[in-house]
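Please keep the sequence and the 3D view open as you read.

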Amino acid sequence: MPKSIPLRLLLLLLPALAACRQEPPPPPARHLVLVTVDTLRADHVGAYGGDVATPNLDRLAQEGALVHQASTHVPLTRPAHVALMSGRLPQETGIRDNVSPAALPPQPLLAEVLRQAGFATAAFVSSAVVARASGLDRGFDVYGDDFHADPADPSFLDRAQKRGDLTLAEALAWLEQQRQGKRLFLWLHLYDPHDPYEPPEPYAARYAERPYAGEVAFSDALIGELDAALSRLGLAAGTLLVVTSDHGEGLGEHGERLHGFFVYESTLRVPLIARGPGVTPGTELDGPVGLVDLYPTLLERLGVAPPAGVELAGRSLASAWAGRGEPPPRPLYAESLVPRLHFGWSELRVARDGWWKYVEAPRPELYDLEHDPHEERNLVAQERRRARALRDAVAAFRAREQAAETTQDVDPQWLEQLHALGYVGGSSPASTRDPGADPKDKIDEFRLANEAMREGLERLHQRDFAASVARFESLLERGIESAELHLYLGRALLGQRRFADAAGHFQEAAARTPTYVGAWLGLAEAYAQQGDADAALAALRGGRQAMPDNVALRREEARLLRLLGRPHEARRALASALELAPRDAFLHAALAEVLAELDEPKAAIAELRRAVELEPEGARYWNALGMRLIAAGELAEAERAFRRASLLAPGDPRYGYNLALALLNLKRPVEARLILQRVLAVAPDFAPARERLAALDD
Ligand SMILES: [Zn+2]
């Protein structure tokens, strides 16, 4: 196109071109920014007719395209995101719930395809459910999933998630660091509308009666900040900005408060808004769209070819976004396997065609969403032919079933974070008294089970062991049983010093899921506390049989053997652990202690030198090295080691004190006095330093 055509003429030409069907596709977008606002109901967004103030989403919808009937395939965070990022249905990926199986199938995820195409890729997520352990990190150069969650920390329950402003700040910092020239893919995951609803001010006050709405308004403000940053960085014009969600929220409809159990529109329907190159402003799509449609759509809009040999479940909406007509209708699929996987009740499967939606269940349901959007009139008896056709559609979707659920390699710590977020169940199917029950009859029981699991864990971390035991036992009494439940109950009983009872539950957990390290460690502790060292060691060795490559079990075995005064065996256990983890500084330091006990000081020093080499920031290893060097008369090196320790951990008075002692041994009392004064300035109550200083002054 000649340069002389003025810009305003170009703008005038555009609508005319869009009307022409033979016209070439619009130029691809350069960057992709994908925002998933967890648990965001479409009908709470202003652009969808909702009454929450969402000016930023509303503006994006005006500047871009809005899909009225977008649906998730599973109303649960991880499987929904996996469907979005893989372009495949849950029965094709095998990812049906939040935890198992741990590994995603090998087919390339969106980020992998884009990285392969030369994009810089980064994700910043706000919940443990989509942390690295979820498998969604594949293809991202940077994966921001640090929640600083330490299970030993009493505030741990709050830390399996992160407030959106913190996640956004990390995402913006990454955007600002990117050099020009590179194409970018950023995935921002916001978790605020997920329960518990605790919006910050001013949204808390503004929506005092409706905290969920407050979280929606807060999330909208964050999206506004993101969009402003894109403009500021000069990225807005070249960026395809897509906002959607993984599922909605029950908010009490059909008796469901949260999500993940039923498959009504309250939790299936999500917003889907896109703005950027190739998206005609003001476009609205009416036909049902699934999250799996995004994968081919985004790739087409970015001009990147989909991976060869992968059959995608969705179809591209790129033409529809450009205002060139919607793709022909076809059935959509959704499911909830949670009732079956975790309770042994019946599962729920959905096929939707246009406005008609069928729910396969012991008592099947059929809804006309156009005239009954809240699914209050089950028409299955009146519309038999329609129901049959959709039942056949469910069967066709079921035929795509591939992977079976496995119980392997789920990280128990991750699982516990998920339970802390209110998800009951886990990697092993729970038994129940009502096999095949219709979930419609079980919603109250499901809610109580979730609450009891969450409260039990909360009490456990608050060290209110009696209350914790009561919650977990109430689950068992209801006939709900799983490996994790036994594991948590065992830990609560340990806290109550009911060691024999605890051992029983750890045994049960280990029998159900032999790869639970925590079950074997708990069992060993329960026996050790009862004074039965042999049983404790046998428990650790039982765990070792189930997990030959587990370092923690060997480490614990060595610790126990040392306590029992069996250093030779402890040494062997540590040596075998080091074969598995030769770069584990802790193991080298532990071995050093055993060697010192066995009167091999030179070997002990060598192990500690290795420990500080592997972990030069480890103050306690430097301190331990200094102690051994002092004992061996190597004063100069000891001084250096203590100096390192006290520099690394200036708040710990022991390291400075040891340094002062080394200086005194080196006949340098003036320096020693200075160091002791510094120690006392940090820790005025540290008696040994005070006494030593007084002795020096005498
Ligand atoms: Zn979610």
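## The nonpolar core

The largest nonpolar core holds 204 residues, and Leu523, Ala524, Leu574 and Leu608 are the members that touch the most others. A nonpolar core here is a set of buried Ala, Val, Leu, Ile, Met, Phe, Trp, Tyr and Cys residues joined through C-beta atoms within 7 Å. A residue is buried if 20 or more other C-beta atoms lie within 10 Å of its own, exposed if 12 or fewer, and partly exposed in between, with C-beta atoms placed from the backbone. Leu523 touches Ala503, Phe506, Gln507, Ala510 and Ala539, leaving out residues up to four places away in sequence; two residues are in contact if their C-beta atoms, placed from the backbone, lie within 7 Å.

Before going further, a word on the model: it is predicted, local features need pLDDT of at least 70, side-chain atom pairs count only at pLDDT 80 or more, and totals for chains, interfaces and linings use all residues. Residues are numbered from 1 along each chain as its sequence is written.

## The overall layout

The protein has 29 helices and 15 strands; helices (H or I, at least four residues) and strands (E, at least two) are DSSP runs, numbered from the N terminus. Its C-alpha atoms fill a box of roughly 95 × 70 × 50 Å along the principal axes. Of the 698 residues, 51% are buried. Among contacts with a separation of 6 or more, 61% join residues 24 or more positions apart.

The domain assignment gives domain 1 (28-326), domain 2 (446-546), domain 3 (549-615) and domain 4 (625-698), with bounds that come from an automatic or database assignment. Taken over C-alpha atoms, the centres of domain 1 and domain 4 are 54 Å apart.

## Helix H22

Which residues of H22 are buried? They are Ala570, Arg571, Ala573, Leu574, Ala577 and Leu578. These residues lie on the same side of H22, because they cover an arc of only 165° around the axis, where the arc is that of the directions from the helix axis to the C-beta atoms. An α-helix has 3.6 residues a turn, so residues three or four places apart point the same way. His568 and Glu579 are exposed on the other side of H22. The cover over the buried residues of H22 includes helix H21 (551-563) and helix H23 (585-597).

## Strand E4

Strand E4 (residues 120-124) is largely enclosed by the rest of the structure, because 5 of its 5 residues are buried. Ala120, Ala122 and Phe124 are buried on one side, and Thr121 and Ala123 on the other. In a regular strand the side chains alternate between the two faces of the sheet.

| E6 (residues 184-190) | parallel | 5 bridges | Leu188 |

## Around helix H10

Pro296 sits in helix H10 and counts as partly exposed, with 18 C-beta neighbours inside 10 Å. Beyond its neighbours within four places in sequence, Pro296 is in contact with Gly87, Pro306, Leu312, Gly314, Arg315 and Ser316.

Val310 is in the loop between helix H10 (294-302) and helix H11 (318-321). Val310 is partly exposed, with 13 other C-beta atoms within 10 Å. Val310 and Gly87 are 223 residues apart in sequence, yet their C-alpha atoms are 9.6 Å apart in space.

Key: Pairing = 2+ DSSP bridges.
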